[in-house]
Amino acid sequence: MSKRIVESYKRKLDTEEGYLTKHGARLRIALCYPNTHAVGMANLGLHTMYELFNKIPEVSCERVFLPDEFEMREYEKSRTPLLSLETQTPVKNFDVVAFSISFETDYLNMARMLQMSQIPVWSKDRNHFHPLVVMGGAASFLNPEPIADFTDIIAVGEGEILAFQLVDAIVENETKEEILLSLARIGRGFYVPSLYDVIYNDDKTVFDYVPKETGVPKRVGRALAAANPKEGTLRRAIKRGETEVVEFLMNQDTFAPSTAVWSPKAEMGDRLLIEISRGCSQGCRFCWAGYNYYPPRVVPARDILAKASEWRGKTNKIGLVSTAVCDHPEISTILSELRKMEYRISVSSLRLDQISEELLDALVESNDQQIAVAPETGSDRLRRVINKNLTNDEIVDICGAVFDRGMLTIKLYLMVGLPTETYEDLEEMIVLVERIKDRMLEAGKKFGRAGKIIPSLNGLVPKPNTPFQWDAVCDEKELKNRLKWVSKNLAKIPNVEVRAMSARIAHEQALFSSGDRTIAKVIEAAARLKGNLNDALRETGIDAAFHTSRNRSYEEFLPWTIVDSGLSFEFLKTEHEKSQAALSSKPCPAVEKCTTCGVCPTTWLADAPIGLVQLQSLRTPRVSLVNA
Ligand code: SF4
């Protein structure tokens, strides 16, 4: 074992507070984040799972990261097997190796970390002496198929409920076979890939998944943490003054994921990160996070403020994590109370249509982050295609409100390669950026300086479980040309600094998000070949275009539908058809009886204990709420 690696890990621990080393635990879990410590410690999912696992008395959970550059050299030189951070124990000596994966592009690092741990990458090559390999995190309900053959158990859904079920099954069963079968038979939340035969058609598309054992479901339902109030339900109750209902909704045993380990040297490590809501109601058709966290739920203000008050002695910086910060029904209270506590506030993302004066004031006052907004495109027609219901005029006005507060630099997220996009649409993008720049210069006169517009161009990657799941990614050469054309024309505008993603990266992402089980071979080879995807594709003979550049028919069995997101086929198909016709849809209302997308009647209400079913009527007495 390399002393230099151990010393490097100890130096990291010296900068941290709040990590745990539990001795004599019955079950040792290595919680692996497939990226470096600096990146991983900014991930709230990792903090949450660390806290949840360590709350269980039988469990000791330690973190494992992809080594940074210096450590990687040491690992390679000394052939040391990958070690945990807390006690520098070889990962292969743990009972469970649990990967928390938020981005499918990190699948490569998962294979790499297994190889570095000297644990066989393929689940079929592991026996009872090897740790159980578990995968969870947002990517698990996007499309876990590309890493299905590496993994014993895929936790499909939200960790707040799955962590406990997983540990119970491991502790209560004797053999690996019994653990896998008992979890698979729950029918919701745990997908065991080895318990399915995948049958392919002659044209290599998937025909079906056939369970190998009785009691194993045909499709595995996503498990949702049902305790937090639905955003729409809470908003309506507050608006109508239904105090009893509001009280009821606030009094649940809600989850409020937040920083568990204070790690000021990591990215965002000098601030308290706290999730204020999960999911977004708008239904932008390209947005995987929006659809896959339906229905949108919130953390009540008082839980957020209690955590903020607890942490104020340590930091004056707070990061509010949410896909739609301003949708929180209590955002005004949250912001004003945090400002009273003299917190410098930053947010993970800003939805343009919801930016409030209050939030802008708080962000300006904090002076802690660059404002980034997402017009996505410059064409009002294309915005209807993607169901982002904003016009160019509204976008210029919103940017103006930012500039008028003296924040003269703004980042714009824009996408190229959207379905039905033409060069006229791209020309409109140039015009929009020019208008925003003019508005910035106009506001700049008041402050005697000029700012900068930073368009960030990305190629659209159609994601599973969204209405675009049937669409091909824009052809690589064509996407490259479009990105180049837009970049060139934007670069001609003064005070504009363009950043563009390469078409290659978009295609790599598409392969990992839309691939089937056969992609595991490419990932394993690429991990062995130091990340060289082209060589891996050559070695395995896999045709990437088959997975990325083909429009799929509604009849095709989509590999990721082995995991049932709860979104109905009819809903996604209708949204897809509406996108082709540039027709927009209404947002998710998140009320009790809605069945529009299919999530509430299936994954939500079916799993919620009786007392957590949320009613809204003011006239409903409290006793009925509990017994509904
Ligand atoms: S069923 Fe209705 S309320 Fe529930 S997530 Fe879907 S659109 Fe929202």
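**Exercise 1. A residue in a helix**

Which helix is the place of N292? Work out its cover and its partners.

*Solution.* This is a predicted model, where local features need pLDDT of at least 70, side-chain atom pairs count only at pLDDT 80 or more, and totals for chains, interfaces and linings use all residues. Residues are numbered from 1 along each chain as its sequence is written, and side-chain values use heavy atoms, with hydrogens and water left out.

Step 1. N292 sits in helix α10 (residues 288-292). Helices (H or I, at least four residues) and strands (E, at least two) are DSSP runs, numbered from the N terminus.

Step 2. N292 is buried, with a relative accessible area of 0%. Buried means under 20% relative accessible area, exposed over 50%, and partly exposed in between (1.4 Å probe, protein chains only).

Step 3. Set aside the neighbours within four places in sequence. N292 is then in contact with F141, R222, P464, N465 and S565. Contact means heavy atoms within 4.5 Å.

Step 4. With N465 there is a polar contact, side chain to side chain, at 3.5 Å. A polar contact is a pair of N or O atoms within 3.5 Å; within protein, one must be able to donate a hydrogen and the other to accept it, and residues adjacent in sequence count only if both atoms are side-chain atoms.

**Exercise 2. Charged pairs**

*Solution.* Side chains of opposite charge can pair when their charged atoms come close. A salt bridge is a side-chain nitrogen of Lys or Arg within 4 Å of a carboxyl oxygen of Asp or Glu. The whole structure has 48 salt bridges.

Step 1. K12 and E71 pair at 2.6 Å, N to O. K12 is in helix α1 (residues 3-14) and E71 in helix α4 (residues 69-78), so the pair ties together parts 59 residues apart in sequence. Both K12 and E71 are buried.

Step 2. K314 and E17 pair at 2.5 Å, N to O. K314 is in the loop between α11 and β13, E17 in the loop between α1 and β1 (27-33), 297 residues apart. K314 is partly exposed, at 38% relative accessible area. E17 is partly exposed too, at 43%.

Step 3. D197 and K212 have their closest N and O atoms 3.9 Å apart. D197 belongs to strand β7 (residues 196-200) and K212 to the loop between β8 and β9 (220-221), so the pair ties together parts 15 residues apart in sequence.
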